[in-house]
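Please read it with the structure open.

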Amino acid sequence: MQIQAMASTWAISEGLSVKDRRILAAFSTTAAALSLAGSAFIVLCYILFKELRKFSFKLVFFLALSDMFCSFFSIVGDPSNGLFCYAQDYSAHFFCIASFLWTTTIAFTLHRTVVKHKTDVEDFGSVFHLYVWGTSFAMTVLLSIGSNYGQSGAWCWTGSGKKEKVVHLITFYTPLWGAILYNGLTYYQVNRMLSNATRMAVGISDSSYRLDSGAGRKAVNKWGYYPLILIGSWTFATINRIFDFVYPEHKIFWLSLADVWFAGLMGLFNSIAYGLNSSVRRAITERLDLYLPEKVKSLFPQALKGQQQEQELVSLMVEGQ
């Protein structure tokens, strides 16, 4: 999993049997490996395909990069080594928060382009980096100051006392749910604007306008579900953390299992939702069409044809960026 949901606190594993801890560790590693693979694929696509290096997809690249490192540190952490234990906990905390925040920059860019009709989103590039990396660093420093550091069996943690749990809730779950609320509100506003545009298009005779409105509506309908990625990934972790804070002596194994599994898959969910858009698929299809032998291409001709691709977030943003 993204290690912060489990390994950064004693709450997940304390009070569980050795067998249960091993099951949690297995689920954690599997989810982290899947997220690492998915995120690394998007990073590799960005590096290999020059046509993807527009400002809009740069945000997706940094989101995938954050997910990749968060997953990586969840796998390499070693409680028997103090240095690796620090790296496991604090690095994962840093990159998980960065992942949350990069989703807000994507939502901001979409909102500014579609709702406010601005084309200056690229000017915010430096501000985005300062905001994401600066906030992530500040939250990680606060975590290190307000926590007692230690280790627990297969994982590292930042303390099991009331103070440490409060610090953890503040430095991790506040940015998380702040990002969820911001993304939800932003996509709601974009969706409402396109709904109004679609209703207006019904009453006019300009078919191209109706087509553009319908395509934009279809795209944002899909992207409107993307705030649910964070909700689905971290709801169990949030419930588990609150339950542990209220009832520290009681552990619910299935809740802990859902916690580590769904939180761990966040990177995979992000890579599929944000990364595998029409531009990426088109770039891959073009390479396959260029390099695959004719006999192989004949096995799936429809996949390699230049069929019309559906509009998605990247096409809603400034296409020339």
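1. Basis. This is a predicted model: local features need pLDDT of at least 70, side-chain atom pairs count only at pLDDT 80 or more, and totals for chains, interfaces and linings use all residues. Residues are numbered from 1 along each chain as its sequence is written, and side-chain values use heavy atoms, with hydrogens and water left out.

2. Overall make-up. The chain has 13 helices and two strands. Helices (H or I, at least four residues) and strands (E, at least two) are DSSP runs, numbered from the N terminus. Of the 321 residues, 49% are buried. Buried means under 20% relative accessible area, exposed over 50%, and partly exposed in between, with a 1.4 Å probe and protein chains only.

3. Contacts and surface. Among contacts with a separation of 6 or more, 78% join residues 24 or more positions apart. Contact means heavy atoms within 4.5 Å. The accessible surface is about 15000 Å², and carbon and sulfur atoms hold 67% of that. Areas come from the Shrake-Rupley method with a 1.4 Å probe; for residues, only the protein chains shown count as cover.

4. Record versus model. An unreviewed UniProt entry annotates "transmembrane region" at several stretches, including 90-110 and 170-190. UniProt positions follow the numbering used here, feature names are shortened, and annotations may be inferred rather than shown by experiment. In the model, residues 90-110 are 100% helix and 0% strand, with end C-alpha atoms 31 Å apart. Residues 170-190 are also 100% helix and 0% strand. Their end C-alpha atoms are 29 Å apart.

5. Helix α7. Please look at Trp 234: a kink of about 45 degrees in α7 is centred there. The bend at a residue is the angle between axes fitted to the seven residues ending there and the seven starting there. The 20 residues of α7 should span 28 Å at 1.5 Å a residue, and the end C-alpha atoms are 28 Å apart, which agrees. The expected span is 1.5 Å times one less than the number of residues. Trp 234 is buried, as are Arg 241 and Asp 244 in α7.

6. Helix α8. The twelve residues of α8 (253-264) should span 16 Å, and the end C-alpha atoms are 16 Å apart. Buried residues here include Leu 257, Asp 259 and Gly 264. Their cover includes α1 (18-48), α7 (227-246) and α9 (266-275).

7. Ser 99. Is Ser 99 buried or exposed? Ser 99 counts as buried because its relative accessibility is 0%. Ser 99 lies in α3 (residues 82-114). Leaving aside residues up to four places away in sequence, Ser 99 touches Leu 63, Ser 66, Asp 67, Met 266 and Asn 270.
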